[in-house]
Amino acid sequence: MSEHEIGLLLRREIIAPLRNGTVPRRGLEHLAVGLDRHTQALEDTLADVSHGQGHFKAVRGDYGCGKTFFARWVQYRAQQLGFATAEVQISATETPLHKLETIYRRALESLRTKEWGDDAFRKLVERWFYTLEDEVLSEHPDLDGDRLAEAVGSKLEARLGSVRDTQPLFATVLRAAHRARVAEDHATVDGLLAWLMGQPNVGASIKRPVGIQGEIDATTAAGFFRGLLAILKQTGRKGLVLVLDEVEVVQRMRRDLRGESLEALRKLIDDLDHGRFPGMYVMVTGTPSFF
């Protein structure tokens, strides 16, 4: 490849991680070789996922064999096919496998699309709000202010009907965020979206008017993942590819926590198989000893 094919900034983003012995987050398509035999199988599976299926894939290999590289190549391919992607590195302390609420937060922090490499969740929500407003105004061009916010809020909750039935708070918070957006209350919008992303320490002055108490737990996180999948579909994405990297750290945890982690993984596989996360492709990577 010539220097004209890759910009200077991207070249630096590729070379710097390689010097450190880590995998670049961008530009893998310029390095990946020998993966063509996986392309058709991946595209066939993602086609099924785009039609509402859930799918689980395990990637097994020894340390240093290229699992993370492969997982990031999968994410790149998925983005080119219209999927959003997220990567969570499993850690015994910071992102344990049995804490779905923490995995959800890290996934939202790392969410990427073909268009956006940073802050993708907020940008997707903003685009969704614009789309809903355009739909309402095409039907009722005279609406503005509170009447527009009310009409958009009703349409928003209707679009999240399947999510609202099991986790109504997701739609409630988004409706409040849109109302604050119409009122140009940017601090409230930012705070509510931060809470939806699982961020801790959102102030009580932001949460109290909406009826939010405490932080997101595992049950809430499962419902919010379904809400995220709904928004992705309604903003033109085909689904979500979620990578859980280095799950072998579970082996180094206390016996009780190791059991909770394996139970969480089993439940995730069951939920995918039973259609509770339509449009989600989950890939885990680990060493042979873990599997």
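Which residue is the bridge partner of V241 in β4? I looked it up, and the partner is Y281. A reminder to myself: this is a predicted model.

**Entry: the sheet**

I went on to trace the strands. I find an open sheet of four strands, ordered β1-β4-β3-β2, and the pairing is parallel. β1 (55-60) and β2 sit at the edges with a single partner strand each, so one side of each has no neighbour in the sheet. On average, neighbouring strands are turned by 15 degrees against each other, ignoring direction.

Then I took the pairs in turn. Between β1 and β4 I have six bridges in the parallel sense, and V59 stands opposite T285 of β4. β3 and β4 (residues 280-286) run parallel and are joined by five bridges. On the other flank of β3, six bridges tie it to β2 (residues 84-89), again parallel. There I noted A86 opposite L242 of β3.

**Entry: β3, buried or exposed?**

Buried. Six of the six residues of β3 (residues 240-245) come out that way, so the strand is largely enclosed by the rest of the structure. I also checked which way they point: L240, L242 and L244 go one way, V241, V243 and D245 go the other, and all are buried. I flagged D245, a charged residue, as one of the buried ones.

What does α11 lie across? I see it over β2, β3 and β4, running at about 140 degrees to β3.

α11 (residues 218-234) also meets α4 (residues 100-110): the axes come within 8 Å and cross at roughly 35 degrees. From α4 I listed L100, E101, Y104, A107 and L108, and from α11 A218, A221, A222, F224, F225 and L228. By class, that contact has 10 nonpolar residues, no polar ones and one charged.

**Entry: α6 against α8**

Next I looked at α6 (residues 145-159) and α8 (residues 168-182), whose axes come within 9 Å and cross at roughly 155 degrees. That makes α6 roughly antiparallel to α8, the cut-off for that label being over 145. I have the crossing down as right-handed.

On the α6 side, the contact residues include L148, A149, V152 and L156, as well as E150 and E157. On the α8 side, I wrote down A171, L174, R175, H178, R179 and V182. How does this contact divide by class? I get seven nonpolar, four polar and four charged residues.

Key: Residues are numbered from 1 along each chain as its sequence is written. This is a predicted model: local features need pLDDT of at least 70, side-chain atom pairs count only at pLDDT 80 or more; totals for chains, interfaces and linings use all residues. Side-chain values use heavy atoms; hydrogens and water are left out. Axes are lines fitted to C-alpha atoms, for helices over the stretch in contact, and angles run from 0 to 180 degrees between N-to-C directions. Helices (H or I, at least four residues) and strands (E, at least two) are DSSP runs, numbered from the N terminus. Angles under 35 degrees count as roughly parallel, over 145 as roughly antiparallel, 65 to 115 as roughly perpendicular and the rest as oblique. A crossing is left-handed if the near helix is turned anticlockwise from the far one by less than a right angle, and right-handed if clockwise. Contact means heavy atoms within 4.5 Å. Buried means under 20% relative accessible area, exposed over 50%, partly exposed in between (1.4 Å probe, protein chains only). Two strands pair if DSSP finds at least two bridges between them.
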